[in-house]
Amino acid sequence: RLLYEHGTNKLCISRVRSLKQLVVGKEAGHKQFILSGVKTKQFFIMSNRKGNSTKGPPKHQNSTAYKRDKWGTNERHKAISAVPVGACCKRCNDKIEWRKKYDKYKPLSAPSRCEKCKEKNVRHAYHKVCLACGKSHNICTICMQPGEILPMPLDRNQLLKKEQEEEVMLESMRERERRTFLREQKKKELMEKEKEKELGNAS
């Protein structure tokens, strides 16, 4: 809001087009401007007081949430939904999941360069560091900040390979060793679920 002061009179000016000189006044919270082409010292005082507009919900809210598969799915949607998300912090993980949910995710067409090793090893979209460098430096591969990093889930081929290896290993074990191994696997799964709950409550 701009006010023109002339003695005791104050006139409200809605728009100022050209400014020649900026003078910071001694008054707290006010700035004084001098218009170009004005011979006499005519000061315009702009108040930095916040407006009286109250913040609230949007005027036109959606009655239903966005659904990506409302009009059917295609191969692109299936490929994006199958992309694993991990090797990053909880905040970056939520960002990528939001992009996948609302069809804002853009996969990489070619591997990008890692900012640590300077090699083209980054094969996941929005990642700045490759998985190897992220693991060695213990940082998030997206925001490159240290902290608690969520593990990268395995893809289908890796899961199948891991299951086959576990089956071969279980067949070669004795009954007692097999039970001990399965018991430890259940403990690990319970620990991971508890960590996920703690992260969800913290956020």
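"Partly exposed" here describes a residue whose relative accessible area falls between the buried limit, under 20%, and the exposed limit, over 50%. Keep that in mind for the close-ups below, which all come from a predicted model.

**View 1. Aspartate 94 pairs up with lysine 90 in a salt bridge.** The closest N and O atoms of aspartate 94 and lysine 90 sit 3.0 Å apart. At 36% relative accessible area, aspartate 94 counts as partly exposed. Lysine 90 is partly exposed too, with a value of 25%. As a bit of background, side chains of opposite charge can pair when their charged atoms come close.

**View 2. Aspartate 103 and arginine 76 make a salt bridge.** Here the closest N and O atoms are 3.3 Å apart. How accessible is aspartate 103? Its relative accessible area is 26%, so it is partly exposed. Arginine 76 is also partly exposed, at 40%.

**View 3. Arginine 179 forms a salt bridge with glutamate 175.** Look for a 3.3 Å gap between the closest N and O atoms of this pair. Both residues belong to helix α5 (residues 175–202), where they are 4 residues apart, or about one turn of the helix. Arginine 179 is exposed, because its relative accessible area of 55% is over the 50% cut-off. Glutamate 175, at 44%, is partly exposed. Counting up the salt bridges in the model gives 4.

**View 4. Histidine 127 is tucked into the buried category.** You'll find histidine 127 in the loop between α2 and α3. Is this residue buried or exposed? It's buried, because its relative accessible area of 11% is under the 20% cut-off. Which side chain makes a polar contact with the side chain of histidine 127? That's threonine 141, at 2.8 Å. Setting aside residues up to four places away in sequence, histidine 127 touches Gly86, Ser112, Val122, Thr141, Ile142 and Met152.

Definitions and conventions:
Residues are numbered from 1 along each chain as its sequence is written. This is a predicted model: local features need pLDDT of at least 70, side-chain atom pairs count only at pLDDT 80 or more; totals for chains, interfaces and linings use all residues. Side-chain values use heavy atoms; hydrogens and water are left out. A salt bridge is a side-chain nitrogen of Lys or Arg within 4 Å of a carboxyl oxygen of Asp or Glu. Buried means under 20% relative accessible area, exposed over 50%, partly exposed in between (1.4 Å probe, protein chains only). Helices (H or I, at least four residues) and strands (E, at least two) are DSSP runs, numbered from the N terminus. A polar contact is a pair of N or O atoms within 3.5 Å; within protein, one must be able to donate a hydrogen and the other to accept it, and residues adjacent in sequence count only if both atoms are side-chain atoms. Contact means heavy atoms within 4.5 Å.
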